[in-house]
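User: Please take a close look at how the packing is built in one part of this model. Give me the partners by residue, and keep it brisk.

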Amino acid sequence: GVPEVRHAARDEIRKGANQIKIMASGAVASPSDPVDHTQLALDEIAAAVEVAEAANTYVMAHAYTGRAIKRAVECGVRTIEHGNLLDEETAAAMAQRSVYLVPTLVNYEALAEEGAELGLSPVSCAKIEDVRGFGLRAVEYAMRAGVKIGHGSDLLGEMQRHQSREFQIKAEVMSPHQVLVCATKTNAEILNRTGELGVIAPGALADMVVVDGDPLRDLSLLQDQGAHLPLIMQGGRLVKNDIG
């Protein structure tokens with residue numbers, strides 16, 4: 001109900017949350033909520049958005065289907081996480097309201113390869129195939145509609161080592177430059193930290209890498225757990241330096 005959603009959102013912000021995330025559709029990993037279900041009533045989604053906006057932040061929505069995404073967009077949600085089953089009409093609605101899409105394509109590849117071994121239930125393994133093959137199509141719809149696309153992974157635990165594969169998967173439908181913009185400039189916009197993250201400029205946080213090669217020609221240089229990154233700087237502090 002609305003009072004409970006308000007209470008939960010306010011409590012998360014009180015405890016230090018920077019954003020509020022809601023479940024606007026069913027999920028893959030959970031066994032009892034089909035992907036095409038919508039989880040919250042419209043007034044409940046709007047209540048979360050109201051609380052977030054009062055705290056000068058925003059709501060992101062886990063959502064797969066066009067129906068779930070459209071409902072979230074109409075209620076003022078700012079980013080759609082996953083969005084694999086996005087359709088063209090809903091992509092246009094997202095663009096009209098300046099809503100971002102944050103695909104997590106690598107998650108489904110990793111789950112398909114390792115999910116059962118890591119204990120994912122047979123029901124959830126079957127759900128993976130319901131969404132896995134549609135993620136790149138969703139990215140194409142979003143691009144054609146003018147939706148800004150961020151960069152995520154949604155990987156859990158041991159699967160974190162696959163994180164950089166997201167770059168190469170996106171590159172099946174995007175140029176390397178577009179892929180890198182998703183992970184830098186656009187992600188900084190999403191987090192309301194433009195000028196601080198995702199850019200090399202005075203006053204920014206100095207999160208930088210040196211790449212042994214040209215990632216604009218070969219995104220595979222970002223794979224292999226930093227094997228092709230001889231220098232990594234985070235917040236102005238060197239955390240790896242093989243250059244000397």
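Analyst: Contact here means heavy atoms within 4.5 Å. Helices (H or I, at least four residues) and strands (E, at least two) are DSSP runs, numbered from the N terminus. The model is predicted: local features need pLDDT of at least 70, side-chain atom pairs count only at pLDDT 80 or more, and totals for chains, interfaces and linings use all residues. Residues are numbered from 1 along each chain as its sequence is written, and side-chain values use heavy atoms, with hydrogens and water left out.

Start with helix 2. It covers residues 42-54, 13 residues in total. Its first and last C-alpha atoms are 18 Å apart, close to the 18 Å expected at 1.5 Å a residue. That expected span is 1.5 Å times one less than the number of residues. Just past the end of helix 2, Asn56 has a positive phi of about 60°.

Which residues of helix 2 are buried? They are Glu44, Ile45, Ala47, Ala48, Val49, Val51 and Ala52. Buried means under 20% relative accessible area, exposed over 50%, and partly exposed in between (1.4 Å probe, protein chains only). The cover over these residues includes helix 1 (2-14), strand 1 (20-23), strand 2 (59-65) and helix 3 (66-74).

Take the helix 1 side. Two packed helices are described by the angle between their axes and the distance between the axes. Axes are lines fitted to C-alpha atoms, for helices over the stretch in contact, and angles run from 0 to 180 degrees between N-to-C directions. Helix 1 packs on helix 2 at about 30°, and their axes are 9 Å apart. The pair is therefore roughly parallel. Angles under 35 degrees count as roughly parallel, over 145 as roughly antiparallel, 65 to 115 as roughly perpendicular and the rest as oblique. The crossing of helix 1 and helix 2 is right-handed. A crossing is left-handed if the near helix is turned anticlockwise from the far one by less than a right angle, and right-handed if clockwise. From helix 1, the contact uses Val2, Val5, Arg6, Ala9, Arg10 and Ile13. From helix 2, Asp43, Glu44, Ala47, Ala48, Glu50, Val51 and Ala52 meet them.

Now the core. A nonpolar core is a set of buried Ala, Val, Leu, Ile, Met, Phe, Trp, Tyr and Cys residues joined through side-chain atoms within 4.5 Å. The largest one has 55 residues. Inside it, Ile22, Val59, Val77, Ile80, Leu86 and Met94 have the most contacts. Helix 2 gives the most to this core, with 6 residues. Met94 shows what such a residue touches: Ile69, Val73, Ile80, Leu86, Val99, Tyr100, Leu101 and Val147, leaving out residues up to four places away in sequence. A second, separate core has 5 residues, including Tyr58, Met60, Val102 and Ile190.

Helix 3 and helix 4 (residues 88-96) have axes that come within 9 Å and cross at roughly 20°. This is why helix 3 counts as roughly parallel to helix 4. Their crossing is left-handed. Helix 3 brings Gly66, Ile69, Lys70 and Val73 to the contact, and helix 4 brings Glu89, Thr90, Ala93 and Met94.

Helix 4 also packs on helix 7 (residues 135-145), at about 45° and with the axes 9 Å apart. So helix 4 is oblique to helix 7. This crossing is right-handed. Here Glu88, Ala91, Ala92 and Ala95 of helix 4 meet Tyr141, Ala142, Arg144 and Ala145 of helix 7.

Where does Thr38 sit? Thr38 is in the loop between strand 1 and helix 2. Its relative accessible area is 24%, so Thr38 is partly exposed. Beyond four places in sequence, Thr38 touches Ala24, Ser25, Arg67, Ala68 and Arg71. Ile13, a contact residue of helix 1, lies 25 residues from Thr38 along the chain, with 24 Å between their C-alpha atoms.

One last backbone point. His82 lies in strand 3 (residues 79-85). His82 is not a glycine, yet its phi is positive at about 85°. Its relative accessibility is 4%, so His82 counts as buried.
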